[in-house]
2 protein chains.
Amino acid sequence: MFSYTAKAARRNSRGGKDAFASCGDRPNPCKRFASVGRRPREMGVAMTYCCGILVREGLVMIADTRTNAGLDNISTFRKLQLFEDPGRHVMMLASSGNLSVSQGAVNLLVEGLEDPASGRIERLEDAQTMLQAAHLVGRAVRRSLALVGDVAETGVSFDVALLFGGQIGAAPPRLFMIYTAGNAIECTPDTPYLQIGEHKYGKPILDRAITYETDIYDALKIGLISMDSTIRSNLSVGLPIDIALLRRDALKSEVATRIDASDDYFRDLRERWSKALREAHIAIPPPPYGRESK
Amino acid sequence: MFSYTAKAARRNSRGGKDAFASCGDRPNPCKRFASVGRRPREMGVAMTYCCGILVREGLVMIADTRTNAGLDNISTFRKLQLFEDPGRHVMMLASSGNLSVSQGAVNLLVEGLEDPASGRIERLEDAQTMLQAAHLVGRAVRRSLALVGDVAETGVSFDVALLFGGQIGAAPPRLFMIYTAGNAIECTPDTPYLQIGEHKYGKPILDRAITYETDIYDALKIGLISMDSTIRSNLSVGLPIDIALLRRDALKSEVATRIDASDDYFRDLRERWSKALREAHIAIPPPPYGRESK
């Protein structure tokens with residue numbers, strides 16, 4: 001459902017039916033504020049949680065869908081987009097921060113950005129390498145931000161952070177984090193994951209459990225535990241969760257699905273994890289401090 | 001060592017030897033910057049982690065000791081103070097945020113603050129109830145902040161957050177969080193813990209494991225696990241850790257000690273917890289997504 005094929009991109013850029021069903025058919029979230037006198041809060045300025053894990057076997061991306069403009073205005077927006085042309089490339093893009101800027105960047109990546117030097121229109125699907133693609137995502141973020149106008153005057157944060165990963169052709173899968181300025185860092189085997197948004201609650205389990213040699217489905221499982229810890233402790237992160245899994249050299253996504261509150265596996269994972277944590281701390285001996293001296 | 005007795009307070013307030021050995025005999029951390037042309041960064045503006053847990057059996061407080069003025073300037077400062085007059089009262093104060101403001105408040109609580117209405121000098125040891133004591137701590141924070149002068153002009157954050165708990169006489173133990181403005185919230189059985197500083201990494205285990213009926217040494221153990229998760233994920237929180245435990249109606253601290261890197265129990269706890277987390281996620285079945293459809 002949230003997969004974005006190269007064919008649809010071409011149709012879309014020619015003005016056909018909007019292939020980006022997950023974004024394009026939603027009403028503008030700011031419209032509802034039109035009649036309100038005071039300045040509306042921007043939808044999607046606040047937190048989210050997305051995590052990308054790059055192991056030897058491939059790439060996993062996980063993103064929640066909660067977007068808010070304050071506690072009294074919570075919505076569901078997809079933050080994980082899949083750009084796939086099976087056999088040629090699979091690219092995944094997850095976003096946090098200002099929703100207008102990140103959605104704007106995604107739309108530019110689909111419709112195409114003009115290269116200022118050559119005048120050529122560049123689309124994500126045309127990138128020959130993941131590095132080229134990451135640079136294009138960075139340019140799309142800057143362009144999207146520029147369309148907003150003079151950011152400094154508004155007092156609203158237009159910052160975004162994106163995770164962008166995937167594989168093009170025979171080159172190995174890569175994973176990048178792209179900042180508002182369009183610059184990027186790349187994930188390496190030393191720390192085989194990157195996080196954006198509300199990352200702290202879910203970091204301890206990643207720090208302890210993930211290595212570059214971790215089985216790819218274990219990586220997905222640990223990512224889901226990390227997401228569960230975040231959802232449990234922070235209201236601004238919530239179900240449903242979008243997940244995607246790309247096995248190295250498959251050039252086709254192996255998992256691309258949405259997990260909601262009714263999902264049996266995720267419910268079972270949450271219960272088992274809670275139970276295991278309780279048992280784990282019970283198994284640790286009580287602290288020796290103080291008692292001996294009584 | 002960091003216990004502060006009522007007798008010492010009276011000696012101190014009469015100008016005798018400074019009983020507050022843990023704070024009073026340290027050189028002013030800003031002196032070393034005196035010859036530097038550019039504006040020194042304030043010591044202790046950044047993060048710390050302190051946690052107070054109030055269970056039916058009593059009160060536990062845990063605080064790290066790392067204080068920094070940037071990554072290149074890290075020091076050890078005590079952030080957990082114990083005010084104890086065995087048989088009469090035990091009060092514990094943990095602080096995060098600007099060190100000059102929180103240390104200033106502690107010093108005022110020891111030397112005494114003048115009540116603007118009555119002109120009387122009020123000291124923490126004279127409080128008749130924990131609520132009165134918490135109000136006095138709030139006034140000490142405001143007074144300490146006022147001594148700094150015009151905060152807005154400096155561009156430095158003078159915010160602090162304090163945890164203040166204990167028992168006076170026969171009334172039950174209470175635990176408060178006190179903000180820079182001197183206002184406070186109180187811990188209740190619904191959520192029997194309060195945190196200040198870098199609280200996110202260590203929150204998931206508290207959320208899952210602590211209830212008001214938890215055994216007090218289990219509460220200490222879970223607090224240490226929470227501290228371990230924080231230390232592991234955030235450089236600005238570090239060993240040694242100060243811990244204190246007050247059993248209800250004992251009117252004498254049962255534990256008041258410092259845990260450093262050589263502490264056998266804490267090292268064992270960290271290893272067991274890491275191992276248990278690894279085993280816990282291994283015991284969860286692999287995610288079913290994607291595989292069936294292949």
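Predicted model: local features only at pLDDT ≥ 70, side-chain atom pairs only at ≥ 80, totals over all residues.
**Entry 1: chain A by itself**

I began with chain A and counted its secondary structure: 8 helices and 15 strands. Next I checked burial, and buried residues account for 55% of the 294 residues in chain A.

**Entry 2: how the copies are related**

**Entry 3: the interface**

I turned to the contact between the chains, which takes 51 residues from chain B and 51 residues from chain A. I compared the two sides: 100% of the interface residues of chain B are also interface residues in chain A, so the copies meet through the same surface. The size of an interface is often given as the accessible area lost when the parts come together. Here chain B and chain A bury about 4500 Å² between them, and 63% of this is on carbon and sulfur atoms.

**Entry 4: polar pairs and the elements behind them**

How many salt bridges cross the interface of chain B and chain A? I get 4 by the rule. I noted the one between the side chains of B:R208 and A:D228, where N to O is 2.7 Å. For polar contacts between chain B and chain A, the count is 16 residue pairs, with both residues at pLDDT 80 or more. I then asked which elements of chain B supply at least two residues each to the side that touches chain A; α6 (203–209), α7 (216–233), β15 (253–259) and α8 (264–283) each do. The largest share of that side comes from α8(B), with 14 residues.

**Entry 5: a look at one proline**

Last, I looked up B:P116, and I found it in the loop between β8 (113–114) and β9 (121–122) of chain B. Is B:P116 buried or exposed? Its relative accessible area is 69%, and exposed means over 50%, so B:P116 is exposed. I also checked B:P116 against B:V101, 15 residues apart along the chain, and their C-alpha atoms are separated by 20 Å.

Notes:
Residues numbered from 1 in each chain as written. Chains lettered and ligands numbered in written order. Heavy atoms only, no water. Contact = heavy atoms within 4.5 Å. Helix = DSSP H or I, 4+ residues; strand = E, 2+ residues; numbered from the N terminus. Buried < 20%, exposed > 50% of the residue type's maximum accessible area, 1.4 Å probe, protein only. Buried area = accessible area lost by both parts, 1.4 Å probe. Polar contact = N/O pair within 3.5 Å; in protein donor to acceptor, adjacent residues only side chain to side chain.
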